[in-house]
Amino acid sequence: MGLVYALVAYGFQLTYATSKSINFGQGELVMLSAFCSLTLLDWGVPYWLMIPLGLIIGALLGLVVERAAVRLALEQKSEGWILLTIIFGLFAFSLAENIWGRDDRPFPTPIPSDSFSVFGVDLTWLEVSVAIGVFGIMGLIELFKRRTLLGKAFEAVSADRDAAELMGISATQTVMLSYGLSGVVAALAGILISPITTVGPTMAMMLILKAFSVAVVAGLNSGFGVVLVGLVLGALENLASLYLGSGWREAPGLILLIMALALRPNGIFGKATIRKV
Amino acid sequence: MLKVEDLHAGYGGAEVLNGVNLEVKQGTLVALIGANGAGKTTTMRAISGMIKPSAGSVTLEGTEVDGYSASRIARLGLAHSPEGRKIFGPLSVEDNLLLGAYRRLPRFFGFHSQAQGELEKVYALFPRLKERRLQHAGTLSGGEQQMLAIGRALMAQPKVMLLDEPSMGLAPVIVQEVFAIIRRLKEAGITLLLVEQFAKSALEVADYAYVMERGKIAVEGAPAELQKDERVIAAYLG
Ligand SMILES: Nc1ncnc2c1ncn2[C@@H]1O[C@H](COP(=O)(O)OP(=O)(O)O)[C@@H](O)[C@H]1O
Ligand SMILES: [Mg+2]
């Protein structure tokens with residue numbers, strides 16, 4: 001669970017790096033991709049083929065957000081993207097309600113949910129698949145950033161947008177790339193988490209709050225930080241629901257967010273951020 | 001090679017340049033000098049597309065490029081080493097250089113081997129960059145950062161290179177080193193537009209020079225003439 005928060009938070013970092021903007025509709029993006037993937041399964045698309053298709057849908061949705069909600073605002077150097085991405089989220093929410101209904105639906109998966117025990121820790125295959133998926137995609141994206149010229153260009157735009165343009169790197173295309181990647185990450189989060197939580201229009205809300213707390217606590221530029229904070233938050237939630245009752249499950253995330261905002265506006269792992277949002 | 005005609009540009013509503021004309025012929029080094037705030041940096045920014053000119057034209061090797069984005073102009077072969085250097089601090093020295101060659105390299109793999117030849121040339125010119133090639137560029141000294149900014153521009157194998165105040169904020173010894181490098185670039189036949197505060201040294205290396213005042217070219221000519229010009233001497237060489 002915590003790793004999925006980390007993954008969604010990682011999506012925030014990707015777009016923040018290139019454009020100093022984040023998609024407040026990221027939770028809805030997870031939800032929409034999950035519903036689309038579920039529909040693919042309903043149509044009889046095999047599970048393992050659904051995954052790449054679902055990720056492509058996520059990338060396309062990410063590009064839609066960039067085009068519709070972010071680009072104009074950034075060109076005008078305004079903070080309009082905040083409102084526009086929130087509106088995108090609301091729009092996606094009602095779209096999902098109208099197409100797929102309000103009820104939560106189960107998400108079938110071929111991965112067995114029986115548990116086994118390693119060194120005294122109970123794990124399920126589903127949880128293992130989440131870990132593989134999260135570390136796999138984050139590892140791939142980090143490799144891309146370090147090993148390809150396009151990835152280095154991505155880093156260059158994060159470091160100094162104007163100077164990157166002077167090298168011939170199109171900042172606009174790099175921002176598109178970051179939103180596309182962020183969409184892929186969101187779709188994977190949806191595919192990984194849905195078998196555990198079920199799919200419904202409201203899944204976005206809690207997810208984004210948690211991911212946002214993780215991103216704020218870890219800072220918007222530390223990939224290692226989000227994983228750590230995500231894991232801690234997941235563990236705290238389990239402890240809270242175990243010892244205080246399941247009603248307290250959501251408490252640690254919110255407390256964490258409030259504490260982080262009060263104590264460390266730049267995040268524990270982040271270097272001082274360049275500009276306050 | 002590079003021709004600027006009646007260029008107007010500014011920031012927001014305020015016009016800074018009102019009709020700049022200048023030309024840089026292939027293989028020559030042209031100096032642009034003038035007091036602080038005259039509009040030299042703004043001229044460079046308008047040429048390279050960092051700001052959009054409001055009127056006038058910029059022609060690079062026969063192509064009108066005014067109105068193009070900065071990245072498109074850079075891909076056409078104009079390398080602009082901006083005021084304040086603007087190196088990529090969190091990236092390694094070598095990555096900075098590789099990105100300089102972005103316009104010529106494959107985007108995914110094999111870029112390193114393809115850049116190797118040019119990389120070696122830049123390292124030969126700046127041995128200290130080679131020693132520090134894996135270091136974060138942000139940890140370099142001011143002089144080294146300037147060398148990196150010049151090396152990064154060279155990596156593009158540019159048709160024209162713009163150098164904005166390469167000696168800014170450097171110790172006198174390092175300034176001399178920078179001018180030695182500029183001389184070597186000139187000998188290598190690189191087409192250069194140089195903006196400098198050190199008007200005297202700039203005139204010594206240049207083939208041709210422009211003096212800028214309040215957003216316009218006030219005087220132009222061969223350095224030998226300008227060095228004799230009463231007004232230029234009074235204002236910049238005295
Ligand atoms: N980013 C900016 N925004 C607004 N005005 C600027 C900006 N940069 C420079 N100016 C103004 O433009 C004029 C020319 O500046 P500049 O081109 O930097 O001169 P120079 O490089 O010759 O010292 C100055 O009056 C300066 O105040
Ligand atoms: Mg200047």
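Axes here are lines fitted to C-alpha atoms, for helices over the stretch in contact, and angles run from 0 to 180 degrees between N-to-C directions. Helices (H or I, at least four residues) are DSSP runs, numbered from the N terminus. This is a predicted model, in which local features need pLDDT of at least 70, side-chain atom pairs count only at pLDDT 80 or more, and totals for chains, interfaces and linings use all residues. Residues are numbered from 1 along each chain as its sequence is written, chains are lettered from A and ligands numbered from 1 in the order in which they are written, and side-chain values use heavy atoms, with hydrogens and water left out.

**Stop 1**

Select residues 2-19 and 125-147 of chain A. These are helices α1(A) and α5(A), packed at an angle of about 20 degrees with axes 9 Å apart. That makes α1(A) and α5(A) roughly parallel (angles under 35 degrees). Their crossing is left-handed (the near helix is turned anticlockwise from the far one by less than a right angle; clockwise is right-handed). Now show the contact residues (heavy atoms within 4.5 Å). Among them are Leu3(A), Leu7(A) and Leu14(A) of α1(A), and Phe135(A), Met138(A) and Lys145(A) of α5(A). By class, the contact of α1(A) with α5(A) has 12 nonpolar, no polar and 2 charged residues. Ala, Val, Leu, Ile, Met, Phe, Trp, Tyr, Cys and Pro count as nonpolar, Asp, Glu, Lys and Arg as charged, and the others, Gly among them, as polar.

**Stop 2: α3 and α4**

Next, select residues 47-75 and 80-100 of chain A. Helices α3(A) and α4(A) pack at about 165 degrees, with axes 8 Å apart. They are therefore roughly antiparallel (over 145 degrees). The crossing is right-handed. Contact residues include Val65(A) and Leu74(A) of α3(A), and Trp81(A) and Phe88(A) of α4(A). The contact of α3(A) with α4(A) has 8 nonpolar, 2 polar and no charged residues.

**Stop 3: α9 and α10**

Move on to residues 203-218 and 223-243 of chain A. The axes of α9(A) and α10(A) come within 9 Å and cross at roughly 130 degrees. Look for Lys210(A) and Val214(A) of α9(A), and Leu233(A) and Glu237(A) of α10(A), among the contact residues.

**Stop 4: ligand 1**

Switch to chain B and select ligand 1. Its surrounding residues (a heavy atom within 4 Å) include Tyr11(B), Asn36(B), Thr41(B) and Arg45(B). An oxygen atom of ligand 1 is 2.8 Å from a polar backbone atom of Gly37(B). For Ala38(B), the distance from a polar backbone atom to a ligand oxygen is 3.3 Å. A backbone N or O atom of Lys40(B) lies 2.8 Å from an oxygen of ligand 1.

How values were computed. Helix = DSSP H or I, 4+ residues; strand = E, 2+ residues; numbered from the N terminus. Polar contact = N/O pair within 3.5 Å; in protein donor to acceptor, adjacent residues only side chain to side chain. Parallel < 35°, antiparallel > 145°, perpendicular 65-115°, else oblique.
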